[in-house]
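The entries below follow the order in which I looked things up.

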Amino acid sequence: QTVATPTLSPPNGTVFLFTTSVVITSTTPSATICYTTDGSTPTATTPGTCLNGTTLTNGGSVSGSAAETIKALGTLVGDTNSGVASGVYAFQVAIPQFSPPSNMYTTSQSVTITTRSPGAAIYYSVNAQPTCASTPYSIPVTVSATETLYAIGCLSGYASTPVGAIYNIGTFAAGTPSTDDNAYCGAGDVP
């Protein structure tokens, strides 16, 4: 009898914004999974024992924080090894978020920058596109004049798309359109 070829969930081609987590399952009860994350082919020369690759309990998950190719086979003592399942997974750092958001303000703002990608470092710049070599973000940035604050998230050689937030600081005439298309600033208003 041949062990059922494992399935990978989520499927091949998934792009992760966080750490990758792929569940590998064979429908053959008690099968052991042998997997690799470097693109090499897993093998089990003695059924039930992985020779090339890492041993995983059937239904277990593989985690990482980079793009990778996962290959897996199922093996079981007394059965023929399964075919090899393969999945290519991409990784992308989540775009940074600014709080408070881009808008018009009558006073200086302390801007917090976050990203949903665990472990990602944030770099920022003022009035210029940032790179992963820009100023590292560690504490809120004080914006006291009209400027555009830019940020980028970086992790393990990957980077998010740079994003910017415009902060207009000052006193505005009543009815002045704000940077938020649905709001207007009036004299003395703090949106």
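**Disulfide entries**

The model is predicted: local features need pLDDT of at least 70, side-chain atom pairs count only at pLDDT 80 or more, and totals for chains, interfaces and linings use all residues. Residues are numbered from 1 along each chain as its sequence is written, and side-chain values use heavy atoms, with hydrogens and water left out.

I then read the torsion about the S-S bond of Cys34 and Cys50: at -95 degrees, the link is left-handed. The pair links distant parts of the chain, 16 residues apart, with Cys34 in strand E4 (residues 32-36) and Cys50 in the loop between E4 and strand E5 (54-57). Strands (E, at least two residues) are DSSP runs, numbered from the N terminus.

I checked burial next, where buried means under 20% relative accessible area, exposed over 50%, and partly exposed in between (1.4 Å probe, protein chains only). Cys34 is buried at 0%, and Cys50 is buried at 16%.

I turned to Cys132, which a disulfide joins to Cys154, S to S 1.8 Å. The S-S torsion of Cys132 and Cys154 is about -90 degrees, so this disulfide is left-handed. Cys132 lies in the loop between strands E12 (121-126) and E13 (135-136), and Cys154 in strand E15 (residues 147-155), so the pair ties together parts 22 residues apart in sequence. Cys132 is partly exposed at 37%, whereas Cys154 is buried at 9%.

Definitions and conventions. Disulfide = S-S within 2.5 Å. Helix = DSSP H or I, 4+ residues; strand = E, 2+ residues; numbered from the N terminus.
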